[in-house]
Amino acid sequence: MEEEWMMDTPVVLLQTSKEIHFAASNGVRFSDLAFISKAILSIVAIALGLFLLWCSTIGLPDFKGRQAERPRDEMSNSVLLVLALTMGLDYYSTDQYQSSMPNMAVEFDVSQAAMGMSILIHTVVLSVALLFAGPLSDRLGRRPLVLLCQLVLVSSSFCCAFADNFAWFMVARAFQGISASVYSVILAMVRDCFEDEAKRLAYTSMVVSMAVIGPLAAPMLGGLLASCFGWRSSFYTVAILSLLLFVVSVRVLEETAPPYKGGSYFASVGRVLLNGRRMLILASLGICKSYFDIIAAGSSFILQWHHQFNLVQSSFLTLFITVSGVVGIVISSLGGRTPNEVFQTFSALVILCSVMTFIAGVQDGNEFLFLGSLSVGTMMLYPPYLALLADFTCELQDIAGLATSFGTSVAQFLSFALSVPGMQLSGVGCRQMLFVLGSVLLASQILCLALCHGAMAWKSIGGQAGLTDNPG
């Protein structure tokens, strides 16, 4: 009897969702709100397009509102809280409908792969938007960019909630990717405030913790909302909370960017990219990020289709991965370790996790090994991942926005390139997905060990070309 209920629950929820959508779509209120959501998103798109046209023809406005030199190694608790919540909401919106994806695929009449692309299109658009957000924050200031991204999240989440077809849902998801580019601006704000490596890593961990908790807790919370009120309710929630956060941010958020000193854009890009160590960090970041993306995009399908868990059960099971990610973040923020010390401590542990993941792949039918390997791997991988983020902007304070933008953007593109085959394999079966994840863990730590011990003994390409990390 219990098994029968488990199998029937997704069907009942899907039928309920269809009935609600059918009834609402024939009423004036839903159709009006759907039209308004599309109009708002169109206005946002036009405004962004006009701004880019202005910048390409006339140039960026010269921002004069920077504050005087700020105290080093200091950030107010209110600003830290606002930045962490902004991160959390943006990255919660990435995966909060993950548990509902199998049902949504049927409702929108699209394949599993197409539904999975709604997560990957977010990643691609984010990768492009990151190239603009950071450099703009160097010139215009961090505060205006954070507020703009919050407003884009409000409008795009509203459009997702009232999407009446899959095409508009995908458009809205793309704009959510634009809003998530605030990630690079927030990391630049942390870099603005902290020179000490250990403190910068600790505060980076605190801020990024919400970007971790968001997508890890999202499938569970989104699944619970979907089971009670339908999948659209989770997007309503994001839109309302984002609007409230915007109102608070207008009053609380401070400017942290140093005075803009000008200089060649391409010379700044060269300082960021033409450096052997930073290129190695980028490759490591992309591989680590792909591990999390593959889990986010494929774990619900494995739990529901391979292991036969229902929507509510699979949502609760993702709690183990969430808790593991939080534990990993807490570990990385303790002890006052520098990035190199983190690499030395955790590389061997992550390699052991990769072995555990391969063993779980051999035991294809065991759901406990599946969840256990993903949870332990997530916990052990986050400390070196956060250390890589903190280490990347070293010696680049004057162009921290551009540095974080290019760093996170390149890492996103690499993650996307690795996540696509991972997604395809997750549709094949549990064993193939685990083999991919085990390989990703192993590759990430080979690069981290190269960073730690100098296995790739080259001098920076920038130094050989006459470029240095100093702006002069």
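A residue is taken as buried when its relative accessible area is under 20%, as exposed when that area is over 50%, and as partly exposed in between, the calculation using a 1.4 Å probe and protein chains only. By this criterion cysteine 160 is buried, with a relative accessible area of 0%. The structure is a predicted model, in which local features need pLDDT of at least 70 and side-chain atom pairs count only at pLDDT 80 or more, whereas totals for chains, interfaces and linings use all residues. Residues are numbered from 1 along each chain as its sequence is written, and side-chain values use heavy atoms, with hydrogens and water left out.

The sulfur of cysteine 160 has its closest cysteine sulfur in cysteine 159, at 6.5 Å, which is too far for a bond. A disulfide is here a pair of cysteine sulfur atoms within 2.5 Å, and the structure holds 0 disulfides. Cysteine 193 likewise counts as buried, at 0% relative accessibility.

Aromatic pairing was examined for the rings of Phe, Tyr and Trp (its six-membered ring), which pair if their centres lie within 6.5 Å and are classed as stacked when the planes are under 30 degrees apart, edge-to-face when over 60, and tilted for the rest. A search of the whole structure finds 14 aromatic pairs. One of these is formed by tyrosine 97 and phenylalanine 169, an edge-to-face pair with 5.5 Å centre to centre and 90° between the planes. With helices (H or I, at least four residues) defined as DSSP runs and numbered from the N terminus, tyrosine 97 falls in the loop between helix H3 (77-95) and helix H4 (101-107), while phenylalanine 169 belongs to helix H7 (residues 166-179), so that the pair links distant parts of the chain, 72 residues apart. Both tyrosine 97 and phenylalanine 169 are buried.

A tilted pair is formed by phenylalanine 162 and tyrosine 236, whose ring centres are 5.4 Å apart and whose planes lie at 45°. Phenylalanine 162 is in the loop between helix H6 (142-161) and H7, and tyrosine 236 is in helix H10 (residues 232-252), so this pair ties together parts that are 74 residues apart in sequence. Phenylalanine 162 counts as buried at 8% relative accessibility, whereas tyrosine 236 is partly exposed, with a relative accessible area of 31%. Ring pairs also link Tyr97, Phe166, Phe169, Trp231 and Phe235 into a cluster.

Serine 354, found in helix H14 (residues 339-362), is buried with a relative accessible area of 1%. With contact meaning heavy atoms within 4.5 Å, serine 354 touches Gly438, Leu441 and Leu442, not counting residues up to four places away in sequence.

Notes. Helices (H or I, at least four residues) and strands (E, at least two) are DSSP runs, numbered from the N terminus.
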